[in-house]
Amino acid sequence: MLAMIEINLLPQEYRPRDSTNVPLMLTALGGIVLVCGLMFSLVSIQNDVRDLERQVTDLGVRKADLELDAKRVDALKEEIERQKSRQETIIEISQSKVMWSQKLEQFARVMGNHRNFWVNQLTLTKSAATARGSGSTFSMRVSGLHYDISEVAKLRDALQNDQNFFYHFDELQSYTVSKAPVTGMRNATERMDFEIKLPVAAGTPAGR
């Protein structure tokens, strides 16, 4: 059996038109709208990310500036505390019952008899007063040539036995003697370092 072939011989303008595929067009249109929406969202997100990165950078700069300002404030506070401490020490010395100029002269006279020793630092500190002491402490950091504990003991005894110098102090406090090397000296290869503290006695009469 032969299959029949149907041929449309009508001219093109008289032929029936194909019906439009509406669902396909709607699907394509929806895809285009979705893609455009995604692209718009992506651009918006990228702009938000750039804004956030810029804010993070600005906050980092601000944080660094604030940290620098905080360090300056801390340094100023420390300087103020040092100046207040110096002022309090000066006021205490001026109001003290001890005539410190005379006391230093007496101390220098004792040290002059012990020429192997020298003073690195003298300080006068103040703390809470007690029944035994006024709260003030005269401290000295001392060094001496060679390592000879007996010489240190002699210096301590000389300070305590000088009645004029030791009169205003309650006791002599001394601590461990440490040893350190010395370079560039012919007659010594080591030195000793130690500290002596002399708390001012309570009820000390005015110096003359």
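This is a predicted model: local features need pLDDT of at least 70, side-chain atom pairs count only at pLDDT 80 or more; totals for chains, interfaces and linings use all residues.
Helices (H or I, at least four residues) and strands (E, at least two) are DSSP runs, numbered from the N terminus. Residues are numbered from 1 along each chain as its sequence is written, and side-chain values use heavy atoms, with hydrogens and water left out.

**The whole chain**

Switch to a surface view. The accessible surface of the protein chain is about 16200 Å², and carbon and sulfur atoms hold 57% of that (Shrake-Rupley method with a 1.4 Å probe; for residues, only the protein chains shown count as cover). Of the 208 residues, 22% are buried, where buried means under 20% relative accessible area, exposed over 50%, and partly exposed in between (1.4 Å probe, protein chains only). Contact means heavy atoms within 4.5 Å. Among contacts with a separation of 6 or more, 66% are between residues 24 or more positions apart.

**The aromatic rings**

Rings of Phe, Tyr and Trp (its six-membered ring) pair if their centres lie within 6.5 Å; planes under 30 degrees apart count as stacked, over 60 as edge-to-face and the rest as tilted. By this rule there are eight aromatic pairs. Select Trp 100 and Phe 169 to see a tilted pair, with 6.3 Å between centres and 50 degrees between planes. Trp 100 lies in helix α2 (residues 100-112) and Phe 169 in the loop between α4 (163-166) and β3 (173-174), so this pair ties together parts 69 residues apart in sequence. Both Trp 100 and Phe 169 are buried.

The ring centres of Phe 138 and Phe 169 are 6.0 Å apart and the planes are at 10 degrees, so the pair is stacked. Phe 138 belongs to strand β2 (residues 133-145), 31 residues from Phe 169 in its loop. Phe 138 has a relative accessibility of 4% and counts as buried.

Now extend the selection to Phe 107, Phe 165 and Phe 166: ring pairs link these with Trp 100, Phe 138 and Phe 169 into a cluster.

**Phe 165**

Centre the view on Phe 165 in helix α4. How is its burial described? Phe 165 is buried, with a relative accessible area of 0%. Leaving out residues up to four places away in sequence, Phe 165 touches Lys 103, Gln 106, Phe 107, Phe 138, Leu 159 and Leu 198. Gln 106 is 59 residues from Phe 165 in sequence, but their C-alpha atoms are 5.6 Å apart.

**Thr 137**

Next select Thr 137 in strand β2. Thr 137 is buried, at 16% relative accessible area. Beyond its neighbours within four places in sequence, Thr 137 is in contact with Thr 123, Leu 124, Thr 125, Lys 197, Leu 198 and Pro 199.

**A charge over a ring**

Select Lys 179 and Tyr 147. The charged end of Lys 179 sits over the ring of Tyr 147, 4.6 Å from its centre (NZ of Lys or CZ of Arg within 6 Å of the ring centre and within 35 degrees of the ring normal). For another case, pick Arg 156, which lies over the face of Phe 194 at 6.0 Å from the ring centre.

**Last stop**

Finish with Leu 122 in strand β1 (residues 117-126). At 39% relative accessibility, Leu 122 is partly exposed.
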